[in-house]
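Have the structure open as you read.

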Amino acid sequence: MCYEWLMWWPHVLCLGFLLVRFGFMLAKDVHNRLKKSATQVEEDEVVQSHQYRYVQTLLRRPPIRSLEKSWFQRKVYDWDPYFKFPNRMIATTIISLIGLYLLISSEQIWISAFSNLIYYLLQRPNVLTEHLDYTTYTWYVTTALAALSSVAHVGHVLVCYRKHIKRLWAGKKSFLPEKYHTANSALSVAAFLRYPGWQIAFTLWGYMLVHLVLFVFGMVFVYLVVIPIWKQGFFTWLIDVTILLANFFIVLALLKLQVLLVRIFFLQDKLSPQDKQKPLALNNRKVFHNFNYYFFFYNVILGLGSCALRLISSAFVSLLLVSRINRTIMPKGFELLDKGYRTWIGMIMADHYHNNPVMVCFCHLLLKRTVERQTAINAYSRLNNASVSTLDVRVRARWLLLYTLLRNPRLILLRKREKRNNNQEQLAVVWATMQTQQADAAAAVHSTDPSHLV
């Protein structure tokens with residue numbers, strides 16, 4: 001029963017969050033609809049969106065002095081009010097964390113049941129139970145380390161997503177392979193579809209591989225360090241390790257000695273006292289060639305050890321970066337062989353082309369102007385529209401009437417008027433009569449002009 005609760009509480013937590021979230025959104029929308037019209041609500045949502053505010057910051061003058069950031073903002077995460085992660089990225093992150101939790105819980109349940117079975121079969125403490133204790137404790141410790149590493153990688157993917165998207169918004173594509181500076185439409189949309197599933201799968205695979213490697217290194221550390229120190233003492237173990245690693249220390253000392261000798265004897269003096277290092281110019285050339293000849297054979301042996309270290313370090317870093325789909329594990333020039341990295345690039349390019357704030361705001365303003373222009377063109381037809389308010393119809397009708405009478409003053413004399421003393425109405429009639437007489441006189445002169453006679 002306890003194990004079932006461990007498996008089900010993430011689902012209950014997510015359902016509770018969705019219930020509260022949708023309830024809040026429903027109450028907020030109902031409140032906005034009661035206070036504002038649908039068009040005004042939509043306009044407010046656009047104006048208050050992070051994309052609209054981001055474009056506003058582009059149009060402002062940058063501050064002369066930037067604000068000082070805290071240690072958390074500089075080292076961990078810096079919140080950006082003008083950026084919002086898409087729902088796809090948030091959902092992928094949540095599902096990755098839930099998948100990690102379920103995988104780790106299932107793993108611990110099976111390991112606990114298996115170890116209890118072994119203890120029950122052995123019945124009494126002996127050498128096997130001692131080694132089983134070492135294995136069990138090492139497994140639990142490496143589980144915690146691998147889980148922390150995977151959670152950190154999931155969070156770091158979000159940070160890299162924001163960094164890459166903002167670089168694309170600024171037109172900077174230098175971090176991408178040269179082939180992907182121009183997006184392939186079909187590949188980008190396909191990568192957009194693949195990314196959520198691949199990111200979750202890579203996260204789970206990354207945890208299992210990292211956990212396995214850490215468990216192996218942990219067992220080696222226990223049997224080569226912990227147990228000898230516990231049984232023989234620290235100083236005895238330290239002497240044995242020093243004898244064993246003497247050759248390695250000699251190789252390391254030779255590497256450092258070469259750098260030190262070159263810095264002291266084979267480089268020319270600084271050009272200026274303010275320079276941080278000496279210039280890249282040889283000094284004592286004859287001695288340098290002799291030095292190069294005698295160290296040639298040592299460098300062959302050093303190269304063998306360096307090659308082994310390079311292989312081990314590259315394999316270790318590649319294993320740590322398996323779940324980091326945003327970073328390729330291939331060397332430069334072979335990035336396209338990493339399908340996970342290609343999926344990441346295609347996804348961010350598709351996001352950039354569809355959610356660029358400048359483009360979104362431009363399209364919104366273009367649609368808004370188009371609707372306003374269509375509204376102005378259809379003004380006459382909207383007079384008889386029952387959905388328009390009475391006040392709007394009256395104001396528009398009076399404006400059209402005034403415009404018609406100004407263009408056709410004779411119509412003022414033909415209008416029906418109430419019998420009441422109104423100075424403004426009388427003045428209007430006099431003005432209309434004068435305008436009519438002037439128009440008739442101008443027409444008569446125009447008709448008697450010889451230049452216009454045929």
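## Lining of the largest cavity

By class, the largest cavity is lined by 5 nonpolar, 4 polar and no charged residues (Ala, Val, Leu, Ile, Met, Phe, Trp, Tyr, Cys and Pro count as nonpolar; Asp, Glu, Lys and Arg as charged; the others, Gly among them, as polar). The lining is made up of Met-89, Thr-92, Thr-93, Ser-96, Val-154, Val-157, Leu-158, Tyr-195 and Gln-199. Two or more residues each come from α5 (87-122), α6 (127-169) and α7 (185-232), with α5 giving the largest share, 4 residues. Helices here are DSSP runs of H or I with at least four residues, numbered from the N terminus.

The model is predicted, with local features needing pLDDT of at least 70 and side-chain atom pairs pLDDT 80 or more, while totals for chains, interfaces and linings use all residues. Numbering runs from 1 along each chain as its sequence is written, and side-chain values use heavy atoms, leaving out hydrogens and water.

## How many, and how big

Searching the whole structure turns up 2 cavities of 30 Å³ or more. A cavity is a set of points, on a 1 Å grid over the protein atoms alone, where a 1.4 Å probe fits but cannot get out; lining residues have an atom within 4 Å of a point. The largest has a volume of about 40 Å³, volume being the space filled by probe spheres set on the points, which are joined across faces, edges and corners.

## The second largest cavity

This one comes in at about 30 Å³. Around the second largest cavity sit Val-210, Val-213, Leu-214, Phe-316, Leu-319 and Leu-320, with α7 and α10 (285-320) each giving two or more residues.

Key. On a 1 Å grid over the protein atoms alone, a cavity is a set of points where a 1.4 Å probe fits but cannot get out, and a pocket is an open set with protein on both sides within 12 Å along at least five of seven lines; lining residues have an atom within 4 Å of a point.
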